[in-house]
Amino acid sequence: ELFHRINTQSVRAKGSEIRRGSFRGPFTDFIQQCAQNPLFRKLCPISKAMLKRREDEELVTRFFCYVDKYKEFRHDVDAFVDAYVSEKRDNFDKERMLADFERMLLTVANYFPNGFAKANGATSTPRVRFEAIAVGVALANRERGILIPASLPREWLDSKEFIHQTTTHASNSGPRLRGRIEFVRDKLLKG
């Protein structure tokens, strides 16, 4: 596949594709398993073209990276995520991480009418929206255990404030990442 791409395309490999080859091991196997979770697939629409580019694995990897270290992020997403995957390559708490991931998915399924997508029937999921919702929900779950949101997402998902938090402008800045994650966390916990 790599030989074919190098010799026939000018399409640059995505971070998830590079990580899959560069950091092969138990953690990348775990990421692939999580990306195949039927509930994740249902809640997080991804086009066939992007699935071929491993966008599902990219989103799952970012979820774990940011839920553990989002406060440390500054600017370079690929370098930040690569360092996290390298650190976890052979040594990670699979049970805790899987529980966080599955609990987050159940919360999204129960309280977010369109899952991670902007609208019912959407064929793609914006990364910034996924990060905000997935990590914000997971952090709220960690704080509260079984989460019953203080305010239901349908009350603020279409708000100007949430839309502003999840636009792509400066999406790779540390303050914007923290802002969108904490916006969701705080709305779920405090309303």
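Is D56 buried or exposed? D56 is buried, with a relative accessible area of 3%, where buried means under 20% relative accessible area, exposed over 50% and partly exposed in between, for a 1.4 Å probe and protein chains only.

## Basis of the model

This is a predicted model, in which local features need pLDDT of at least 70 and side-chain atom pairs count only at pLDDT 80 or more, while totals for chains, interfaces and linings use all residues. Residues are numbered from 1 along each chain as its sequence is written, and side-chain values use heavy atoms, with hydrogens and water left out.

## The chain as a whole

The secondary structure comes to 11 helices and zero strands, helices (H or I, at least four residues) and strands (E, at least two) being DSSP runs numbered from the N terminus. Buried residues make up 48% of the 191 residues in the chain. Among contacts with a separation of 6 or more, 74% are accounted for by residues 24 or more positions apart, a contact meaning heavy atoms within 4.5 Å.

## The surroundings of D56

D56 has its place in helix 6. Not counting residues up to four places away in sequence, D56 touches A35, Q36, F40, R41, I46 and L51.

## The largest nonpolar core

A nonpolar core is a set of buried Ala, Val, Leu, Ile, Met, Phe, Trp, Tyr and Cys residues joined through side-chain atoms within 4.5 Å. The largest one has 50 residues, of which F27, F63, F64, Y66, F101, M104 and F116 touch the most other members. Several helices each supply at least two residues of this core, including helix 3 (26–35), helix 6 (55–69) and helix 8 (94–111), and helix 9 gives the most, with nine residues.

Leaving aside its neighbours within four places in sequence, F64 is in contact with F27, F30, I31, C34, Y84, M97 and F101.

## Helix 9 against helix 11

The axes of helix 9 (residues 127–144) and helix 11 (residues 174–190) come within 7 Å and cross at roughly 45 degrees, the axes being lines fitted to C-alpha atoms, for helices over the stretch in contact, with angles running from 0 to 180 degrees between N-to-C directions. That makes helix 9 oblique to helix 11, since angles under 35 degrees count as roughly parallel, over 145 as roughly antiparallel, 65 to 115 as roughly perpendicular and the rest as oblique.

The residues making the contact include V128, E131 and R144 of helix 9 and L177, R180 and L189 of helix 11.
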